Amino acid sequence: MDTWQESRPSDTVTQSILLQIRGDLRREAKPATAGLGWSISGLGVALISALIASLLSIGSSIVLDYGSAAEFFKFALQQLDISLYPRDSAIFFIVGCLYGLLPLAFVGLLFGRLAGAQGVRRGLWVVAIFLLITLPYVVVECRTFAFNLALSLITGLTLGAVSGGVAGCYLANRRPATC
């Protein structure tokens, strides 16, 4: 043992081993924090997105209430002189679609990139929160409408919200990133 000479590895070998250890530690740490990070930041983004979409939808219905929007849409169709004129319930359905589709598509395009690969799933969470906030307001506002018109508007709002939320988040992840 007296003749044993201790040799140290070269700096290149030492750096290579340290880099490999750091990479292994990062990979081991990611699963524990990735789930927590998604749930906190994902829920926060979904909640903020849904609140903004609800404010846009409710705000636009205050500026142009559902009945007036349906009358405007009916007037526009009459001016186009379309021979196949839709029933009132179809007009209220289309108006509901617009009040759900436009705010959620807009918010999805704005915040959808934050969802990353989970875009469609988070889009559905945004839609669910949006409907929980917005539907009670719509039901109260539609209390003076005939039942079939109110139901058409609510059904249209729900379908428009699902379409807008999913499409907005999906399209946000399809467009190229801009710096």
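Q: Is leucine 171 buried, exposed or partly exposed, and how do I read that?
A: Buried means under 20% relative accessible area, exposed means over 50%, and partly exposed lies in between, with a 1.4 Å probe and protein chains only. Leucine 171 has 45% relative accessibility, so leucine 171 counts as partly exposed. This residue is found in helix 5; helices are DSSP runs (H or I, at least four residues), and strands (E, at least two) are too, numbered from the N terminus.

Q: What should I know about the model itself?
A: This is a predicted model, where local features need pLDDT of at least 70, side-chain atom pairs count only at pLDDT 80 or more, and totals for chains, interfaces and linings use all residues. Residues are numbered from 1 along each chain as its sequence is written, and side-chain values use heavy atoms, leaving out hydrogens and water.

Q: How many aromatic pairs does a search of the whole structure find?
A: Rings of Phe, Tyr and Trp (its six-membered ring) pair if their centres lie within 6.5 Å; planes under 30 degrees apart count as stacked, over 60 as edge-to-face and the rest as tilted. The search finds two pairs. Tyrosine 66 is in helix 2 (residues 66–79) and tyrosine 99 in helix 3 (residues 88–115), so the pair ties together parts 33 residues apart in sequence. Both tyrosine 66 and tyrosine 99 are buried. For phenylalanine 92 and phenylalanine 145, the ring centres are 5.3 Å apart and the planes at 70 degrees, so this pair is edge-to-face.

Q: What does serine 49 touch?
A: Contact means heavy atoms within 4.5 Å. Leaving aside residues up to four places away in sequence, serine 49 touches Val107, Phe111 and Val126. Serine 49 lies in helix 1 (residues 11–63) and, at 3% relative accessibility, counts as buried.
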